[in-house]
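Welcome! Please take a moment with the sequence and the model below, and then we can walk through them together.

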Amino acid sequence: MSGIKNKLNKLLRYRLTPLALVCALGLSAAAQAETLAEGITPASDAARVPAVAKLRKDTVVAGISEPQGIFNPYLFTNGWDENVTDVIFSRLIGLDSQGKPEGRLAESWRVSPDNLTYTIKLRPNLVYSDGSPLKADDIAFTLTLLHDPAYDGDTDITPAHIQGGAEYKNGTAAGISGLKVIDDRTIQIVTTQPGATTLQLIGGPVLSRAYYGKDYQRGKLDGVRALNGKPLGNGPYIYDKYVPGQEIRFHANPNFYLGPPPMARFIYRVTNPATNFQLFQTGETDYDAFTAKPDDIEQLKLLGFANINLYSSSDYSRVDFNLRRPALQDKRVRQALIYGLDRQKLIAVVYQGYGKVANQPISPISWAYDANGINPYAYDLDKAKKLLDEAGWQVGADGIRQKDGKKLELTLLVTKKLI
């Protein structure tokens, strides 16, 4: 909730949108010199904050695009609903600014030397927003729910390899043997094999067994889903109401483990690219997110009161080859297509400098990104031509490559416009 602490500070988020291919993209030195530096660019004249915003003494308003009203951290299908659940629920274990695990609801955790057993201890005196106690048994319920055969949410718990999880899911066990509640504040989770993502998988938001599990039976999640619009959480804010297409309202949680947030009320206002700049300009919103474009950035800088936070996004795009097409079964053709694509120019033209080359199908800001030893496929038209020649695709009289009497024809299917 870092953008909420001072509503007049107007932190404005910008998303860097890197484009990926089978390898992805990079920022040229020339473009970099003209673009806004990554990080926070402070407002040049905070006194120009709109009067409408100044009148909101205890409320912060942030823009959101397309919530659907499924406010359960394990059942939403929309990233905007995830933003809402982040306000209502806290994780057991989160990540700090360096991507390292840090305790949230968890006071501490231990991992056995063989990396198979995790012992998590909750902070003392944790409660949900209604004042009911938050216990280790709630963690066990949450992880059980994720193994339920009827669960169809986006969280895949199977890579955690919790002992007995598969048996519970297929109906050969009444419970999950690897979940052992030691006491109200301590749970032990036994796994069958080590995993790099296990701690984050088991350290997610915690659901109240008393509230969400009141009528729970294996294979029947109707009772849990019925509460999607009536969430009970343990985060900084308590859900009030959702007006579809307009807004979502919250008030501060007095029982939040870090203490009540500094702003008494929080509103997510539904905005879109056609309205969000005007709403921000007039002070109707305090905080919003935009795709980074030089024209937009210049407009916001001219407002004077906007702090612009330009940061790298985990988003990326890519082009995949259809290996069922005979021409593309030859790796030299695939390599030629990559060498012949000036990805630096794509960044300059499509993303106007706000992008970064990646040579793996993963965002460069990910902990898993490592391009060491990987061919960067720098733009090289001569090499592309040579590879096509070697593959037998010669330039015909009309300038089009052909082989065995057939022209080299390729179809590019796209899911959306690049800009």
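In what order do the three strands of the open sheet β15, β16 and β17 lie, and in which sense do they pair? The order is β15-β16-β17, and the pairing is antiparallel. Strands here are DSSP runs of E with at least two residues, helices are runs of H or I with at least four, and both are numbered from the N terminus. Two strands pair if DSSP finds at least two bridges between them.

The edges of this sheet are β15 (394–395) and β17 (406–407), each of which pairs on one side only. Strand β16 (residues 401–403) is joined to β15 by two bridges. Gln394 has Gln402 as its bridge partner in β16.

## What kind of model this is

This is a predicted model, in which local features need pLDDT of at least 70 and side-chain atom pairs count only at pLDDT 80 or more, while totals for chains, interfaces and linings use all residues. Residues are numbered from 1 along each chain as its sequence is written, and side-chain values use heavy atoms, with hydrogens and water left out.

## The chain as a whole

The protein chain has 13 helices and 17 strands. Its C-alpha atoms fill a box of roughly 80 × 65 × 40 Å, taken along the principal axes. Of its 419 residues, 43% count as buried; buried means under 20% relative accessible area, exposed means over 50%, and partly exposed lies in between, using a 1.4 Å probe and protein chains only.

Contacts (heavy atoms within 4.5 Å) also tell us about the chain. Among those with a separation of 6 or more, 66% are between residues 24 or more positions apart.

Strand β10 (residues 237–243) and strand β11 (residues 247–252) pair in the antiparallel sense over six bridges. Tyr237 has Ala252 as its bridge partner in β11, and Lys241 stands opposite Arg249 in that strand. Three residues sit between the strands of this hairpin, where Gly245 takes a positive phi near 80°.

On to the next pairing: β11 and β12 run antiparallel and are joined by five bridges. Here Phe250 stands opposite Phe266 in β12.

## Helix α3 and its covered side

Which residues of α3 are buried? They are Asp81, Val84, Thr85, Val87 and Ile88. These residues lie on the same side of α3 because they cover an arc of only 150° around the axis, the arc being that of the directions from the helix axis to the C-beta atoms. In general, an α-helix has 3.6 residues a turn, so residues three or four places apart point the same way. The cover over the buried residues of α3 includes β3 (59–64), β10, β11 and β12 (265–270).

Let us pick out one of them. Thr85 belongs to helix α3 (residues 79–88) and has a relative accessible area of 2%. Leaving aside residues up to four places away in sequence, Thr85 touches Ile70, Phe71, Asn72, Pro73 and Phe76.

## Val224 in helix α8

Val224 lies in helix α8 (residues 222–225). This valine is buried, with a relative accessible area of 3%. Residues up to four places away in sequence aside, Val224 touches Asn72, Leu75, Leu145 and Tyr212. The C-alpha atoms of Val224 and Ala252 are separated by 24 Å, with the two residues 28 apart along the chain.

Helix α4 is mostly covered, with 10 of its 11 residues buried. Among them are Asp138, Phe141 and Leu145.

How many cavities of 30 Å³ or more does the structure hold? It holds one. On a 1 Å grid over the protein atoms alone, a cavity is a set of points where a 1.4 Å probe fits but cannot get out, and lining residues have an atom within 4 Å of a point. The largest cavity has about 40 Å³ of space, a volume being the space filled by probe spheres set on the points, which are joined across faces, edges and corners.

The lining of the largest cavity consists of Tyr74, Leu92, Ile139, Thr142, Leu143, Leu146, Leu201, Ile202, Gly204, Pro205 and Val206. Two elements, α4 (136–146) and α6 (198–202), each give two or more residues to this lining, and α4 gives the most, with four. By type, the lining has nine nonpolar residues, two polar and no charged. In this scheme Ala, Val, Leu, Ile, Met, Phe, Trp, Tyr, Cys and Pro are nonpolar, Asp, Glu, Lys and Arg are charged, and the others, Gly among them, are polar.

Technical notes
1 Å grid on protein atoms, 1.4 Å probe; cavity = no way out; pocket = protein on both sides within 12 Å on 5 of 7 lines; lining within 4 Å.
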